[in-house]
Amino acid sequence: REEALTILKDIVVSNHYIFCEGFADWTDAIQAAAEPLRADGIIEDSYIRSIIENVKEYGPYIIIAPEVAMPHSTLGGEGVHDTCLSFMKTEKPVVFDPEDPSKNARLFFTLAATDNEKHLSNMVALAEFLLKDGAIEDLLKAQNADDLMKVHWKYSEQ
């Protein structure tokens, strides 16, 4: 599937990535992870607040694998103007549940969606990419956009 192979490249080309040291708490991390999309006018603050409120209410449902979070709110949520995703990596783990280290995350893929079909294909493409052997480990080592592109090319050739 072609989409799985372009997801990182699209993030780099659209400048929707950020590398951070760490955060005092998970709410700060979610705000930072969403910032590239907010800065481009793809989402508004209300959407970021909605993600944070949902995690407070439902727990860290956004953790999709060890070390990996996918912040998102409801489809067609308030304050979303396009279907897109951004990437953030932190050096220090972000703690969502102090009692459960398996809910820590260092890789954040923030999803925004207005188009259901494109949104689902983004989620599937991201999942397919993350399931590739070594992909998460390689992303955890990435320090900049060049590293993201190296990961993109490495897995595009498989």
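These questions and answers go through a predicted model and ask what lies behind each label.

Q: Why is N15 called exposed?
A: Exposed means over 50% relative accessible area. N15 has a relative accessible area of 51%, so N15 is exposed. N15 is in the loop between α1 (2–13) and β1 (17–20).

Q: What makes the phi of N15 worth a remark?
A: Most residues other than glycine have a negative phi. The phi of N15 is near 65°, a positive value, and N15 is not a glycine.

Q: Why is N104 called buried?
A: Buried means under 20% relative accessible area. N104 has 17%, so N104 is buried. N104 is found in the loop between β4 (84–94) and β5 (105–112). Leaving out residues up to four places away in sequence, N104 touches E67, P93, V94, V95 and F96.

Q: What makes T114 partly exposed?
A: The range for this label runs between 20% and 50%. T114 is at 40% relative accessibility, so T114 counts as partly exposed. T114 lies in the loop between β5 and α4 (116–131). Leaving out residues up to four places away in sequence, T114 touches V80, H81, D82 and T83.

Q: How do you know that the length of helix α6 agrees with its number of residues?
A: Helix α6 (residues 145–156) has twelve residues. At 1.5 Å a residue, α6 should span 16 Å. The end C-alpha atoms of α6 are 16 Å apart, so the two values agree.

Q: Why is N144 said to cap α6?
A: A side-chain oxygen of N144 lies 3.1 Å from the backbone nitrogen of D146, at the N-terminal end of α6. A polar contact needs an N or O pair within 3.5 Å, so the distance passes.

Q: Which residues of α6 are buried?
A: They are A145, D147, L148, M149, V151, H152 and Y155. In an α-helix, residues three or four places apart point the same way because there are 3.6 residues a turn.

Q: What makes β1 and β2 edge strands?
A: The open sheet has five strands in the order β1-β4-β5-β3-β2, with mixed pairing. β1 and β2 (63–65) each have a single partner strand, so one side of each is left without a neighbour in the sheet. Neighbouring strands of this sheet are turned by 20° against each other on average, direction ignored.

Q: How do you know that β3 and β5 pair?
A: Two strands pair if there are at least two bridges between them. Three bridges join β3 to β5, which run parallel. The bridge partner of A69 in β5 is F108.

Methods:
Residues numbered from 1 in each chain as written. Predicted model: local features only at pLDDT ≥ 70, side-chain atom pairs only at ≥ 80, totals over all residues. Heavy atoms only, no water. Helix = DSSP H or I, 4+ residues; strand = E, 2+ residues; numbered from the N terminus. Buried < 20%, exposed > 50% of the residue type's maximum accessible area, 1.4 Å probe, protein only. Expected span 1.5 Å × (residues − 1). Polar contact = N/O pair within 3.5 Å; in protein donor to acceptor, adjacent residues only side chain to side chain. Contact = heavy atoms within 4.5 Å. Axes fitted to C-alpha atoms, helices over the stretch in contact; angles between N-to-C directions.
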